[in-house]
Amino acid sequence: MDLGIKGKWALVGGASKGLGWGCASALAQAGVNLVMVSRGAAALEASADGLRQHGVTVLTVAQDITTPAGREAIWSVAGGPGKNFDIVVTNAGGPPSGDFREWDREAWIKAVDGNMLTPIELMKATIDGMAARGFGRIVNITSSAVKAPIDVLGLSNGARSGLSGFVAGLSRNPSIAKHNVTINNLLPGAFDTDRLKSILQSTAEKTGKSVEELAQARRASAPANRFGHPEEFGQTCAFLCSQHAGFINGQNILIDGGAYPGAF
Ligand code: NAP
């Protein structure tokens, strides 16, 4: 399917690997030029090189996207579109798991900064330009934990729920929505990425269970009985960014192999 977005510019956060990379890859396949962001320069360059094979322009910004300086570097990257992105995929690392008794104010501020305020800052910088040009697609990578909170991921549950509430309002703001600008949240269940591996590893250390035993139980918690792949996550993201998805707005879309048991 031609997604109708060839030649557009996308900003993708947390793009060197995992779900962000999946989105960047699918957008590059659709002919979209990219600004890819993550902190580690070597992995980012390697991933960008891989995506240039699709014949698109791929720029890299090796910065922490959760900081004002990191975001300034994105807007001023040489050869980039400034703040005139057509597509923005917000993403960075998730907060650590743990016991809520151990989280102080600093831990909460960091989680809210990374998983709520950073996406809001990225939207604030780009959305009016999208509306003025009559096309915009914003996809926030959040978590299935927004719909089905996981006790040890309290920092994530809290910060991302704040983002979801904000997006529910902003996406329906007439000054945005009537100009063909959409904002949707993609809610991953368990995907086979380094983050999932590190969560399984730390749970194994705490519980004494083996990583494989924990992985098997986690796979079995979804009717699909497997982990998701970043590629399939990315293709869904690219569709939401396509010309065809202009009537999908303000939604929280689960990609979890059927793990969430509710009808709605
Ligand atoms: P991942 O495989 O660990 O990849 C994270 C990516 O983000 C890397 O490219 C990393 O590169 C980059 N990154 C992290 N912090 C950053 C920062 N401050 N600034 C810029 N780039 C940053 O993680 P993932 O599994 O793709 O997860 C992506 C998001 O989805 C996370 O928020 C995670 O909590 C959420 N999620 C994942 C799952 C899952 O099963 N995988 C489920 C639910 C929710 P650098 O480290 O080099 O910066």
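## A buried asparagine

Asn184 counts as buried because its relative accessibility is 1%. Buried means under 20% relative accessible area, exposed over 50%, and partly exposed in between (1.4 Å probe, protein chains only). Asn184 lies in strand S6, residues 181-188.

Contact means heavy atoms within 4.5 Å. Neighbours within four places in sequence aside, Asn184 touches Ile138, Val139 and Asn140, along with Leu240, Ile248, Asn249, Gly250 and Gln251.

## About the model

This is a predicted model, in which local features need pLDDT of at least 70 and side-chain atom pairs count only at pLDDT 80 or more, while totals for chains, interfaces and linings use all residues. Residues are numbered from 1 along each chain as its sequence is written, and side-chain values use heavy atoms, with hydrogens and water left out.

## Overall fold

The protein chain has nine helices and seven strands. These are DSSP runs (helices H or I, at least four residues; strands E, at least two), numbered from the N terminus.

The C-alpha trace spans about 55 × 40 × 40 Å along its principal axes. The radius of gyration is 18 Å, which agrees with the value near 18 Å for a compact globule of 264 residues. That radius is taken over C-alpha atoms, and the globule rule is 2.2 Å times the number of residues to the power 0.38.

## Inside the chain

Of the 264 residues in the protein chain, 47% are buried. Among contacts with a separation of 6 or more, 72% join residues 24 or more positions apart.
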